[in-house]
Amino acid sequence: MHTSWEHRYAHRTQGMKSSAIRELLKVSSLPGMISFGGGFPAPEVFPIEKFKEACDTVLTEMGKQALQYGATEGYQPLRELIASNAGKYGIQVSADNVLITTGSQQSLDLLGKIFINRGDRILVESPTYLGALQAWNAYGCNYVTIDSDDDGMQTEQLHDLISTNIKFIYALPNFQNPSGTTLSLERRKQLIELANSQGVPIIEDDPYGQLRYEGEHLPPVVVLDDEIRSKEFPVYSGNVIYTSTFSKILAPGLRLAWVVAPVDVIKKLVQAKQGSDLNTSTFNQFVAYELAKSPWMREHIQTIRKVYRERRDTMLEALENNMPEGTDWTKPKGGLFLWVKLPEGCDTTKLFPKAIEEKVAYVPGESFHPNGGGKNTMRLNFSACNPETIKIGIQRLGKMIKDQLK
Ligand SMILES: Cc1ncc(COP(=O)(O)O)c(C=O)c1O
């Protein structure tokens, strides 16, 4: 007899759904498909030889430690390296301000676990990162959305929204996933000033900050906050929780990321993580440390930037050549994604099967809007395919959209 499990699940699982992207990745592997769907780094830039050398060093010199359980906080030399790199970007932190996690996705989940009560209101951009919504839906929160444009979150709207009992603000200032836009310096300052004045914390998610292809580096919001406070406190104890990851600068298969936060928050996250996975893979942390401490790392990031810049430019040019009148798209200065807006009335979810028939995949934009909207939008990834494939894929996409508009 078939046993039904539906009535046995906890209340919190009712909000859980499979991510549209994860479902889509299944279609992406069909033969001949060109996928702009996932957020995959280019496998061509994975430093496989360097990984082999690092694994060898770790196993030869530190094998017994590297294969053992480790501290929940993370491998101390790696925490220190991250703290010292943060120092170079202008934020004064020590290793005590750093927690190593099993991917930024875990960082987001742990933050949800320690902060969100059922019914809490979280302020997010619309569109925003789907993975954060997926992590936090399980904790029963509601979303208050703020619009964004080419300069990121429209902080002019913050004043009214922030006073409506917001638990925290989730911000993606650099080359936002999904839209590819960057929060301007002026808006970064406005964001931190308003958040501080209202006592609302910010979670700043920054997986792509080092992948800038043009323009000047902008200080993360956590750095701006630290500048305001650093006269009084030797290490960071402010209002921002910052997350980043090795996924896009080394390899997502490592599942390795970090949180920078005031020490109190790190302690609470450690307690939450203990119940989750005890510690982040010790071996992976040792290997990542060997790579990240080497001067080679800078060159490697330069290589990634060069490869992705070319792919971004190819996609922008192909869109120019193939998209019908009335279509618009963002011009990201970094990251992995751009955002296409079709004429009003188009529905990219309904068009998706047509795209699959043409053997090209994207992510319909609707799922990035927690409170609805964005039906005529789609996210395109430009890092995973080589330039020739990008050209063919955008031709297919353009043709499909033109056919449908007829
Ligand atoms: C904005 C954002 N946050 C978090 C993540 C998750 O990263 P990780 O691979 O470190 O779990 C991603 C991955 O694409 C992302 O785009």
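User: Which residue is the bridge partner of aspartate 149 in strand 5?

Analyst: The model is a predicted one, and in it the bridge partner of aspartate 149 in strand 5 is glycine 152.

User: What makes strand 4 and strand 5 a pair?

Analyst: Two strands pair if at least two bridges are found between them. Strand 4, residues 142-149, is joined to strand 5 by two bridges, and the two strands run antiparallel. The count of two bridges meets the cut-off, so strand 4 and strand 5 are called a pair.

User: In what order do the eight strands of the open sheet lie, and which are the edge strands?

Analyst: The order of the eight strands is 2-9-8-7-6-3-4-5, with mixed pairing. The edge strands are strand 2 (98-101) and strand 5 (152-153), each of which pairs on one side only.

User: Why are strand 10 and strand 13 said to stand at the edges?

Analyst: They belong to an open sheet of four strands, in the order 10-11-14-13 and with antiparallel pairing. Strand 10 (328-329) and strand 13 (363-364) each have a single partner strand, so one side of each is left without a neighbour in the sheet. Strand 10 is joined by two bridges to strand 11, residues 337-341, and these strands run antiparallel; the bridge partner of tryptophan 329 in strand 11 is valine 340.

User: Why is the pair of tryptophan 339 and phenylalanine 368 called edge-to-face?

Analyst: The structure holds ten aromatic pairs. For the rings of tryptophan 339 and phenylalanine 368, the centres are 5.8 Å apart, which is within the 6.5 Å needed for a pair, and the planes stand at 80°, which is over the 60 degrees needed for edge-to-face, so the name applies. The pair links distant parts of the chain, since tryptophan 339 is in strand 11 while phenylalanine 368 is in the loop between strand 13 and strand 14 (377-381), 29 residues apart.

User: How do you know whether tryptophan 339 and phenylalanine 368 are buried or exposed?

Analyst: Buried means a relative accessible area under 20%. Tryptophan 339 has 8%, so this residue is buried, and phenylalanine 368 has 0%, so the word applies there too.

User: What makes phenylalanine 352 and tyrosine 362 an edge-to-face pair?

Analyst: Their rings lie 5.4 Å centre to centre, within the 6.5 Å limit, and the angle between the planes is 90°, over the 60 degrees required, so this aromatic pair is edge-to-face. Phenylalanine 352 is in helix 12 (residues 348-357) and tyrosine 362 in the loop between strand 12 (360-361) and strand 13, ten residues apart. Phenylalanine 352, at 14% relative accessibility, falls under the 20% cut-off and therefore counts as buried; tyrosine 362, with a relative accessible area of 0%, is buried as well.

User: Why is asparagine 165 called exposed, and why does leucine 278 count as partly exposed?

Analyst: Asparagine 165 has a relative accessible area of 63%, which is over 50%, so the word exposed applies. Leucine 278 has 45%, which lies between 20% and 50%, so this residue counts as partly exposed. Asparagine 165 is in the loop between helix 6 (158-162) and strand 6, and its phi is near 60°, a positive value in a residue other than glycine. Leucine 278, in the loop between helix 9 (263-277) and helix 10 (282-292), has a phi near 65°, also positive in a residue other than glycine.

User: Which residues are closest to the ligand, and what makes the approach of serine 104 a polar contact?

Analyst: The ligand is surrounded by 13 residues, of which Ser104, Asp205, Tyr208, Thr245 and Ser247 are the closest. An N or O atom in the side chain of tyrosine 208 is 2.5 Å from a ligand oxygen atom, and for the side chain of serine 247 the corresponding distance is 2.6 Å. Taken alone the ligand exposes 390 Å², of which the protein buries 93%.

Note on methods
Residues numbered from 1 in each chain as written. Predicted model: local features only at pLDDT ≥ 70, side-chain atom pairs only at ≥ 80, totals over all residues. Heavy atoms only, no water. Near = heavy atom within 4 Å. Polar contact = N/O pair within 3.5 Å; in protein donor to acceptor, adjacent residues only side chain to side chain. Areas by Shrake-Rupley, 256 points an atom, 1.4 Å probe, with all protein chains shown as cover. Buried < 20%, exposed > 50% of the residue type's maximum accessible area, 1.4 Å probe, protein only. Phe/Tyr/Trp six-rings, centres within 6.5 Å; stacked < 30°, edge-to-face > 60°.
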